[in-house]
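Subject: Structure handover

Hello,

Here is the structure for you to look over. My notes follow below it.

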Amino acid sequence: MTGDFKPRAAALIFTLATLASSHAATALAPLEGRTITGAKVDAYDPRAVMEYDPNMNLTWLRDWNASGPRSWAGQLAWASNLQVGSFANWSLPTSRNPDGSGPCALYNCTGSQMGYLFYEVLGNTDHSFTNAGPFQNIQHYGYWSGTADAEHPGSAWFFHLYDADTVGNNRGFQWRADQTAWQAAVAVRPGDVAATVPEPAPSALMLAGLATVALGAAARAKRRGGHAYQPVG
């Protein structure tokens with residue numbers, strides 16, 4: 001029995017190491033904060049007004065009640081006209097899967113943008129909304145998506161964030177509703193706003209550095225009562 005123990009222990013260690021490596025390879029990147037100018041900050045930094053998800057390459061509005069409750073058409077118009085600093089091109093999150101299929105109905109619809117954020121990035125489970133991450137002003141009712149229901153004209157898809165104390169514990173539930181119903185909305189835009197913020201050109205940085213050196217030399221010369229440079233002869 002002792003002779004078999006070492007090979008079995010080695011095999012077990014190898015299996016655990018493989019599983020750990022596989023888990024690490026699939027670990028999700030954390031959300032990243034963006035200020036109103038697109039500068040990178042911590043996700044929980046008070047200056048952050050947007051949250052970038054590098055896993056889906058999407059930027060979310062941090063305030064989940066910036067629009068207040070509206071009809072589906074009203075929320076579509078709000079998102080399309082939204083301007084955060086100099087950043088436009090906002091919309092409502094889609095309920096379709098990344099390949100365009102769907103929408104998925106009921107729970108664990110991780111293919112939709114809201115579902116992926118809720119389940120995968122924030123780590124919530126069906127019927128349970130325990131982690132809102134850095135997002136603020138979460139409203140505990142339905143959030144409209146930008147996806148109309150093709151099978152039921154006049155309806156659109158939305159994502160439940162209902163409280164158990166109100167109309168039932170349906171948190172994490174994706175379904176359809178009449179487009180005239182008033183619900184909440186959050187805006188999302190493709191890509192990272194930080195990628196659109198221009199970096200200072202090397203020549204500009206060099207000129208700024210030379211100017212700083214020249215000003216420093218002039219100040220020192222003035223304190224000595226002379227000049228920054230005096231020719232010989």
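Which residues does Asn124 touch, not counting residues up to four places away in sequence? They are Phe118, Tyr119, Phe129, Thr130 and Asn131, where contact means heavy atoms within 4.5 Å.

Before the rest, the ground rules. This is a predicted model, in which local features need pLDDT of at least 70, side-chain atom pairs count only at pLDDT 80 or more, and totals for chains, interfaces and linings use all residues. Residues are numbered from 1 along each chain as its sequence is written, and side-chain values use heavy atoms, with hydrogens and water left out.

More on Asn124. Asn124 sits in the loop between H3 and S6. Asn124 counts as buried because its relative accessibility is 3%; buried means under 20% relative accessible area, exposed over 50%, and partly exposed in between (1.4 Å probe, protein chains only). A polar atom of the Asn124 side chain lies 2.9 Å from the backbone nitrogen of Thr130.

Overall fold. The protein chain has four helices and nine strands. These are DSSP runs, numbered from the N terminus: helices are H or I with at least four residues, strands are E with at least two. Along the sequence the pattern is α-β-β-β-β-α-β-α-β-β-β-β-α. Of the 233 residues, 36% count as buried. Among contacts with a separation of 6 or more, 54% come from residues 24 or more positions apart.

The core. The largest nonpolar core has 39 residues. Such a core is a set of buried Ala, Val, Leu, Ile, Met, Phe, Trp, Tyr and Cys residues joined through side-chain atoms within 4.5 Å. Trp60 and Trp64 have the most contacts inside this core. Two or more residues each come from strand S4 (58-61), helix H2 (72-80), helix H3 (113-121), strand S6 (143-148) and strand S7 (155-159). H3 gives the most, with six residues. Leaving aside neighbours within four places in sequence, the contacts of Trp64 include Met114, Leu117, Phe135, Tyr143, Leu161 and Val186.

One more site: Leu106. Leu106 is found in strand S5 (residues 106-107). Leu106 counts as partly exposed because its relative accessibility is 44%. Beyond residues up to four places away in sequence, Leu106 touches Gly172, Phe173, Gln174 and Trp175. The C-alpha atoms of Leu106 and Trp175 are separated by 6.2 Å, although the two are 69 residues apart along the chain.

Best wishes

Note on methods:
A polar contact is a pair of N or O atoms within 3.5 Å; within protein, one must be able to donate a hydrogen and the other to accept it, and residues adjacent in sequence count only if both atoms are side-chain atoms.
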